Amino acid sequence: MGHRWLLCLLSFQVLSVPVQLDDIHGDDALLIQSLTLKLLRSTDDPYKPLNPSVHLGLRLSREHNLEKEAQYLQKLREVFQPTLGSSTHSDQEEPSTGLLALYILALRASCEDFNTHPNRRLISQLKHLLHEEKQHIGLKGFPISNFYQYSLGVLSLCLTQKVIDHHVIEKLVHAQEEDKFSHNQHTSVDTEAVAGLAFLCLQHSNLYPAFLMEKLRNATIAVKEKLVQNQTPGEPDILGNIYSTSLALQFLWALEPNDNEAERSKFISILLNGVKKEHFKNPMPISQLLPVLHHKNYLDIAKLNCKDEQETPSLDWVPGSRGSKVNVLEDDEIFVWLSVKVGTGSSMEYSKLLYVRSGSSLLDVLRTAQKDKSQDFTFETKVTLSGKMLTAVKGIEASGTERTYWQLIKAPDTPLLEGIEDYIPKKNEHIILRLAKW
Ligand code: B12
């Protein structure tokens, strides 16, 4: 099945014409616009972390509210380059490789000049972080952050036309060859896709010697094969899962820009169906999806010239109208079974039937469990670009050095595709929080 799809993709390449946004009409166009509005509104939400990926999503859209975009870039600047802005956060934590890479991409997408002193410093900082990540891979076999962020780092330097240390590039190529982009023996399609975009960008840059170009070409082909192998059985238009499909398509369409129109429309319909089913509530996955719906990918950042951009009148900001959907809590109560599992055996550290209002999020379920004093349940979270991540349960913390995390599972063994803030458990569902390795 996988290879048939691949052949199909290749065979139509010559005949095809890319679909333009103008080809998307009516309800679909409105649906895409509603996503843009969600992103714009998230930029004004004081409860959401400042997210350079949101800025990227907005910049790679064909529809703009330029004033809002400029305001958000300014907010990002104040946090990532505090000495430039009014506020000074000297005690601020250093950004991770991925976060810094996304910020640099956000600046590039707004046509920032990278020859200024502050921006050159950002580039040196990213080069330094990548160097440390590379050393860590040499010692431990994996980066300090993860290969997704390492790939974003390489992509970001490449798109700002900086020459990258050959060893940094080779480490990423080897990791792809050695199948290191997996968590728990499952390929991370998102990581393959972002690494693939980085490989493509490096090839287009023509800054590297022939032996490296050859490796990059092979790595690009290998990424494509990996994505095809990860088509969901029975749903060949989903690559990995609905969320990773956005990034996978960014890569595939960057690789084959003249891909056939019918193929593209099919993928777009699948993604829009996911939007209709409310799978895209969170600004982070929306920011990765929006460029795809506008037939753009991260490599297009380098082509943006920020001139002659038209305002889209229907994206005018309406103050006070909150976009993010607050869960509609219904009056009836449902019960959800919550368990905690630490070891490999079948025993559970905690198991409890909890009554919550229908429409509650998993986070609400955890809060209910914590309030209930009949059994000891506590939990902790940290704020990330994807929302609140569960970091500790019953005093047991996930560990960066041991590479453990609290996996969210729908019993018996289906990992959830959403986090604790977004997932809405159904009546009688059994959710397991399992300390797992990644
Ligand atoms: C690496 C990764 C992980 C690693 C993170 C560990 C680490 N130190 O790197 C591990 C394996 C632990 C992980 C776990 C999970 N992940 Co994950 N992860 C990613 C990946 C590939 C990259 C994240 C990243 O580095 N981003 C870039 C940096 C700059 O952003 P950041 O906010 O600073 O990054 C942190 C957060 O992203 C956080 N994180 C990672 N995954 C998730 C998921 C959620 C819901 C939250 C709130 C936070 C979070 O870990 C990062 C490092 O600290 C993304 C892919 C993507 N497209 O974004 C998927 C992705 C974000 N993960 C996803 C999911 C579903 C999960 C889980 C909920 C799976 C599960 N059933 O348990 C859990 C989180 C559970 C919890 N405890 O709350 C989905 C989210 C989809 C959505 N609806 O938004 C993604 C998009 C993958 C996918 N295509 O399905 N993940």
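1. The model is predicted, so local features need pLDDT of at least 70 and side-chain atom pairs count only at pLDDT 80 or more, while totals for chains, interfaces and linings use all residues. Residues are numbered from 1 along each chain as its sequence is written, and side-chain values use heavy atoms, with hydrogens and water left out.

2. Both domain 1 (2–315) and domain 2 (333–437) give residues to the shell around the ligand, and therefore the ligand lies between them; the domain bounds come from an automatic or database domain assignment. There are 34 residues around the ligand, of which N146, D190, N241, W406 and L408 come nearest, where a residue counts as near if one of its heavy atoms lies within 4 Å of the molecule.

3. The shell around the ligand divides into 15 nonpolar, 15 polar and four charged residues. In this grouping Ala, Val, Leu, Ile, Met, Phe, Trp, Tyr, Cys and Pro are nonpolar, Asp, Glu, Lys and Arg are charged, and the others, Gly among them, are polar. Among the elements that each supply at least two residues of this shell are helix 9 (189–205), helix 11 (242–255) and strand 10 (404–410); helices (H or I, at least four residues) and strands (E, at least two) are DSSP runs, numbered from the N terminus.

4. One of its nitrogen atoms is 2.9 Å from a polar backbone atom of L417, a nitrogen atom is 3.0 Å from a polar backbone atom of L390, and an oxygen atom is 3.4 Å from an N or O atom in the side chain of K382.

5. Helix 2 (residues 26–42) and helix 3 (residues 52–59) have axes that come within 10 Å and cross at roughly 140 degrees, the axes being lines fitted to C-alpha atoms over the stretch in contact, with angles from 0 to 180 degrees between N-to-C directions. T36, L39, L40 and S42 of helix 2 meet V54, G57 and L58 of helix 3, contact meaning heavy atoms within 4.5 Å.

6. Most residues other than glycine have a negative phi, and most peptide bonds are trans. Q161, in the loop between helix 7 and helix 8 (166–177), has a positive phi near 60 degrees. The peptide bond from A411 to P412 is cis, with omega near 5 degrees, and P412 is placed in the loop between strand 10 and strand 11 (414–415).

Methods. Polar contact = N/O pair within 3.5 Å; in protein donor to acceptor, adjacent residues only side chain to side chain.
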